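Subject: A structure to look at

Hello,

I am passing a structure on to you, and my notes follow below. Please open it first and keep it beside you while you read.

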Amino acid sequence: MKNMLGNLRGSLSQFDWTVLWSPYYALLLIGIYVLYAVLTEKIRRPDEAETTLGQKFSMLAALFVYYIGFGSPLDVLAHITFSAHMLQMVFVYMVAPPLLMIAIPGWVFKRLFEVPYLGRTLRFFILPLIALILFNSLFTFYHMPFIFDYVLTNYTVHRIFHGTLIFLSMTMWYPIIAPVNEEDSLSDLKKMVYIVANGVLLTPACAFMIFSQSFQYDAYQDPATFAKVLAYCMPNNDLSGLNMERLFGTTKDLLEDQRFGGVLMKLGQELVYGLFFGLTFFTWVRRSKSTAVDEGMSFSPKAD
């Protein structure tokens, strides 16, 4: 582990700080937060709830996590080691989306649902079964070796794939967070089943990474493919200032790194899902007790 961390530090020291800490992505996220703060105040109707301090903090936290995933040295490392890529997946698809869903006021979703065609489309994608299948299927397909290598070596496809996964991750989290409480919202018990189902459906992809007997991804083991993928991190795709031999040799044991990546994904997923399962469970218990008390009072004899 000590040698690996030393290799990572040595590899990252070759990159300019603007590559490691993207100022452009930071400015984009700051712009998104300012837009969020302004719009949620300017377009809010008098009868709509104000954005709470907790929601504003949740938006800041979500954007910070997205920056860690796509604007920090982790994004560069994700092009160098498979385990860093999987850690990036945890941040971007497991941690950031629920924070983002909590941050957006319910009346924003209500208005979106009222827009012709758009509202109908959004309602389709947030159907629990649809959201469950689409996100987990695309995430699993993404990590099939031939698809993974193709996506990483095609810049435009890579961006489209990530954008689609971000959208589907938000629709997957919608039934759990339920910003708009409607008649067809999931009950607490159904939410717990839904959370468990999400964990089960991602297990095959993680198991494939952990239990494979050989390393599966050319993006990290083939020098030409590795160089092409890494070039997307650099301005003008220029790799001339980098020691490619050293970067390519950052991970000494590719199979162990792949297994570690699978473990990171599974543990990260279980921690996040476990947190929301616990919160939902205690909410269910509290509501059950409240209902029992109300029913008991309704059947108690009245005093003369």
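**Contacts along the chain**

In the protein chain, 77% of the contacts with a separation of 6 or more are between residues 24 or more positions apart, a contact being heavy atoms within 4.5 Å. Before going on, please note that this is a predicted model, where local features need pLDDT of at least 70 and side-chain atom pairs count only at pLDDT 80 or more, while totals for chains, interfaces and linings use all residues. Residues are numbered from 1 along each chain as its sequence is written, and side-chain values use heavy atoms, with hydrogens and water left out.

**The chain as a whole**

You will find 16 helices and zero strands in the protein chain. Both are DSSP runs numbered from the N terminus: helices are H or I with at least four residues, strands are E with at least two. Taken along the principal axes, the C-alpha atoms fill a box of roughly 90 × 45 × 40 Å.

Of the 304 residues, 46% count as buried. Here buried means under 20% relative accessible area, exposed means over 50%, and partly exposed is in between, with a 1.4 Å probe and protein chains only. The accessible surface of the protein chain comes to about 16,400 Å², and carbon and sulfur atoms make up 67% of that surface. Those areas come from the Shrake-Rupley method with a 1.4 Å probe, and for residues only the protein chains shown count as cover.

As for charge, there are 22 positive and 23 negative side chains, and the centres of the two sets lie 4 Å apart. Lys and Arg count as positive, Asp and Glu as negative, and His and the chain ends are not counted. Each charge is placed at NZ of Lys, CZ of Arg, CG of Asp or CD of Glu.

**Helix α6**

Helix α6 covers residues 82-103. From the first C-alpha to the last, its 22 residues reach 31 Å, close to the 32 Å expected at 1.5 Å a residue; the expected span is 1.5 Å times one less than the number of residues. Look for a bend of about 40 degrees at Ala96, with a proline, Pro97, following within four residues. That bend is the angle between axes fitted to the seven residues ending there and the seven starting there. α6 is largely enclosed by the rest of the structure, because 17 of its 22 residues are buried.

In helix α14 (residues 223-231), the buried residues are Thr225, Phe226, Val229, Leu230 and Ala231. They pack against α10 (145-152), α13 (218-221) and α15 (244-248).

The loop between α14 and α15 holds Asn236 and also Asn237. Asn236 has a phi near 60 degrees, a positive value in a residue other than glycine, and Asn237 has a positive phi of about 55 degrees although it is not a glycine either. Most residues other than glycine have a negative phi. Asn236 counts as exposed because its relative accessibility is 79%, while Asn237 is partly exposed, with a relative accessible area of 43%.

Val19 sits in helix α2 (residues 17-20) and, at 14% relative accessibility, counts as buried. Leaving out residues up to four places away in sequence, Val19 touches Val76, Cys233, Met234 and Pro235. Val19 and Cys233 are 214 residues apart in sequence, yet 7.0 Å apart in space, C-alpha to C-alpha.

Thr171 belongs to helix α11 (residues 155-177) and is buried at 5% relative accessibility. Apart from its neighbours within four places in sequence, Thr171 is in contact with Phe125, Ile126, Ala131 and Tyr194.

Val196, in helix α12 (residues 188-211), is partly exposed at 45% relative accessibility. From Val196 to Tyr273 there are 77 residues in sequence and 7.8 Å in space, C-alpha to C-alpha.

Ile80, Thr81 and Asp257 are touched by Thr251, not counting residues up to four places away in sequence.

Best wishes
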